[in-house]
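Please consult the sequence and the structure shown below while reading.

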Amino acid sequence: MPIYEYRCKKCNHIFEVFQRINEDSSKLQCPVCKEVGPEKIFSAFSSSGSGGNSLASYSGSSGCGGSGFT
């Protein structure tokens with residue numbers, strides 16, 4: 001099950017939730033202030049920034065022997 005990050009619209013608390021991919025998140029509550037309906041945010045791991053550290057842009061030659069699959 002994936003982990004999703006949410007931000008409370010009322011108190012800005014960021015928290016993580018284990019959820020199924022198609023699970024409805026409209027009834028989630030902030031664990032701090034109990035506000036319903038937090039905003040889903042993208043974590044630094046799942047989004048690609050200007051640092052170029054995403055898997056799609058990785059072109060290093062370490063790990064699987066340089067060329068990947070043989």
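Helices (H or I, at least four residues) and strands (E, at least two) are DSSP runs, numbered from the N terminus. On that basis the chain has zero helices and three strands, and its elements follow the order β-β-β from the N terminus. The model is predicted: local features need pLDDT of at least 70, side-chain atom pairs count only at pLDDT 80 or more, and totals for chains, interfaces and linings use all residues. Residues are numbered from 1 along each chain as its sequence is written, and side-chain values use heavy atoms, with hydrogens and water left out.

**Burial and overall contacts**

- Of the 70 residues in the chain, 17% are buried, where buried means under 20% relative accessible area, exposed over 50%, and partly exposed in between (1.4 Å probe, protein chains only).
- The chain exposes about 5,800 Å², and carbon and sulfur atoms supply 53% of this area; accessible areas come from the Shrake-Rupley method with a 1.4 Å probe, and for residues only the protein chains shown count as cover.
- Among contacts (heavy atoms within 4.5 Å) with a separation of 6 or more, 28% join residues 24 or more positions apart.

**Nonpolar core**

- A nonpolar core is a set of buried Ala, Val, Leu, Ile, Met, Phe, Trp, Tyr and Cys residues joined through side-chain atoms within 4.5 Å.
- The largest such core consists of seven residues: Tyr4, Tyr6, Cys8, Phe15, Val17, Leu28 and Cys30.
- Strands β1 (3-7) and β2 (14-18) each contribute at least two residues to this core.
- Beyond its neighbours within four places in sequence, valine 17 contacts Pro2, Ile3, Tyr4, Tyr6 and Leu28.

**Salt bridge**

- One salt bridge is counted, the criterion being a side-chain nitrogen of Lys or Arg within 4 Å of a carboxyl oxygen of Asp or Glu.
- The partners are glutamate 39 and arginine 7, whose closest N and O atoms are 3.6 Å apart.
- This pair links distant parts of the chain, since glutamate 39 belongs to strand β3 (residues 39-41) and arginine 7 to strand β1, 32 residues apart.
- Glutamate 39 is partly exposed at 37% relative accessibility, and arginine 7 is partly exposed at 29%.

**Cysteines**

- The structure contains zero disulfides, a disulfide being a pair of cysteine sulfur atoms within 2.5 Å.
- Cysteine 30 has its closest cysteine sulfur in cysteine 11, at 3.7 Å, which is too far for a bond.
- Cysteine 33 is likewise in no disulfide, and its nearest cysteine sulfur, that of cysteine 8, is 3.5 Å away.
- Cysteine 30 is buried, with a relative accessible area of 0%, whereas cysteine 33 is partly exposed, with 25%.

**Surface patch and N terminus**

- Met1, Ile3 and Phe18 form a nonpolar surface patch of about 380 Å²; patches are made of residues with over 30% relative accessible area and no salt bridge, like charges being joined within 9 Å and nonpolar side chains (Val, Leu, Ile, Met, Phe, Trp, Tyr) within 5 Å.
- Isoleucine 3 lies in strand β1 and is partly exposed, at 47% relative accessibility.
- Methionine 1 sits in the segment before β1 and is exposed, with a relative accessible area of 66%.
- Not counting residues up to four places away in sequence, methionine 1 touches Phe18, Gln19 and Arg20.
- The C-alpha atoms of methionine 1 and arginine 20 are separated by 5.7 Å, although these residues are 19 apart along the chain.
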